[in-house]
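With the model open in your viewer, please follow the stops below in order, making each selection before reading on.

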2 protein chains.
Amino acid sequence: MAASQRRVPEERRQQIIDVAKKLFSERGYSKTSLEAILSQTGGSRRDIYDFFKDKQGLFDAVMHDLISTIVTGSQVPKETEFTDDVQSELERMGETFLTNMLSPIVVTTMRQFIAVATERQDLGKAAYQAGPAVLYERFKTYLDERVRRGDLELQDTGTAARMFIEMLKGDYQTRALMTGDSGMTPELRKTHVQEIVRIFLYGALPRS
Amino acid sequence: MAASQRRVPEERRQQIIDVAKKLFSERGYSKTSLEAILSQTGGSRRDIYDFFKDKQGLFDAVMHDLISTIVTGSQVPKETEFTDDVQSELERMGETFLTNMLSPIVVTTMRQFIAVATERQDLGKAAYQAGPAVLYERFKTYLDERVRRGDLELQDTGTAARMFIEMLKGDYQTRALMTGDSGMTPELRKTHVQEIVRIFLYGALPRS
DNA sequence: CCTATATGGTACTGAATAGTACCAAGTCAA
DNA sequence: TTGACTTGGTACTATTCAGTACCATATAGG
């Protein structure tokens, strides 16, 4: 009764999403024609309309796919080793954070959400919840544990987490978003992170 | 010989730019037809083509107009009173910074530049130079003077200026850009700024 | 009043493209 | 093999809109 599928629909669907994702981010929504997408996926125009209803629906699917990508590959180290060397730990996490935040994929993704934020606040909100909000929360959890262990003294770990991350970003993210070049280099990143950690600890370490 | 102008061309030009600026920011470039612009300015299509060559030229003119707006109304207090109360001074400046950075006009403008950054890095670079870069520089100058007077001890005023401003922004700007709502309230702003200034000074004040 | 110039307004054209219809070819079950 | 269904591919339609041409009107100078 149920017609057997000649192809796995999920594969096809995902392939369209992947190509569309690439083209939307390169050229923008309006400048990406369905022709352009189909020329890379092969297949018929009807695939798009069957799967996504219309172009707007495809766009939605792409954006939601991006959101789940953010969540899945989530830029935040979930586990840390809790060594005795808090400073090195923070530096390592800081480098990871910063590298991820300035990576082309993250920058491009953020740009997309910001670009459509006026018209689609729902997408922006979902992306913020899946991205930055998770980042803050995870780091806060880490700080909470450190405080519990007595390695750090912080009155408000939530605020401290945000400060640390914001200082870490510095203006590099803004530059990346606006100019396409964060101006970051591996060497610069290393010294920058060290400086931030120093400042952060200088205020956060228990006076001894 | 020189034909007298029935209207001042500059006025007309600026009027078109203003209307286009509004519509571009509301609907985006592609979704704004020249019809829509002309229906608000009156006059002929030819005005646009005479002044700006084509739609792309109009867009460029709008973006450059935005850049000079940023510079002119520049969000940074140029003069400060240099009272004895550094803390209050920083708090006042901080509130001004933050209010401006989260104002609809600034958020919308940043969005526009970020949205086109992929294709028009030149615009993004110019906007960054006219906006954030100036902000950092002005605040650095202020800190330099404070250090010279011995009110603050800072090894690197440039870094300190960026940190202060970044901490000030917190994630409010990101939220504003992505979700359209920074979540900021006057009360929250006041306590937030106070907290930031406290942290900043706690690390920057000379030990006495 | 009359001519030249500038400008408001409109009509037209050509190109791009979203969305639909349809056909042809391939695949699976019986 | 056959028939039902699926899918690749193309042709077509309708709409939007940038860019151009043109007409009509108004103003200034003589």
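Begin by colouring chain A of this predicted model by confidence: its mean pLDDT is 88, and 88% of its residues reach 70 or more. Where pLDDT is low, the predicted coordinates should not be read in detail. Then compare two helices of chain A: helix α10 (residues 172-179), where confidence is highest at a mean of 96, and helix α11 (residues 186-204), where confidence is lowest at a mean of 88.

Now display both chains, and superpose chain A on chain B: a rotation of 180 degrees, with 0.0 Å of shift along its axis, does this with an RMSD of 0.1 Å, which is the relation of a two-fold axis. To find that axis from chain A, select A:Ala115, whose C-alpha comes closest to the rotation axis among the residues of the chain, at 2.3 Å. If you then select the interface, you will find that 100% of the interface residues of chain A are also interface residues in chain B, so the copies meet through the same surface.

From there, select B:Ile114, which, leaving aside its neighbours within four places in sequence, is in contact with A:Arg111, A:Ile114, A:Ala115, A:Leu177 and A:Met178. B:Ile114 also belongs to the largest nonpolar core, of 54 residues, and is one of those with the most contacts inside that core, together with A:Val62, A:Phe113, A:Ile114, B:Val62 and B:Phe113. For the last stop, select A:Leu98, A:Tyr142, B:Ile165 and B:Met167, which are included in a second, separate core of 45 residues.

Key
Residues are numbered from 1 along each chain as its sequence is written. Chains are lettered from A and ligands numbered from 1 in the order in which they are written. This is a predicted model: local features need pLDDT of at least 70, side-chain atom pairs count only at pLDDT 80 or more; totals for chains, interfaces and linings use all residues. Copies are superposed by least squares on the C-alpha atoms of residues with pLDDT of at least 70 in both. Two residues are in contact if their C-beta atoms, placed from the backbone, lie within 7 Å. A nonpolar core is a set of buried Ala, Val, Leu, Ile, Met, Phe, Trp, Tyr and Cys residues joined through C-beta atoms within 7 Å. A residue is buried if 20 or more other C-beta atoms lie within 10 Å of its own, exposed if 12 or fewer, and partly exposed in between; C-beta atoms are placed from the backbone. pLDDT is the predictor's confidence in each residue, from 0 to 100. Helices (H or I, at least four residues) and strands (E, at least two) are DSSP runs, numbered from the N terminus.
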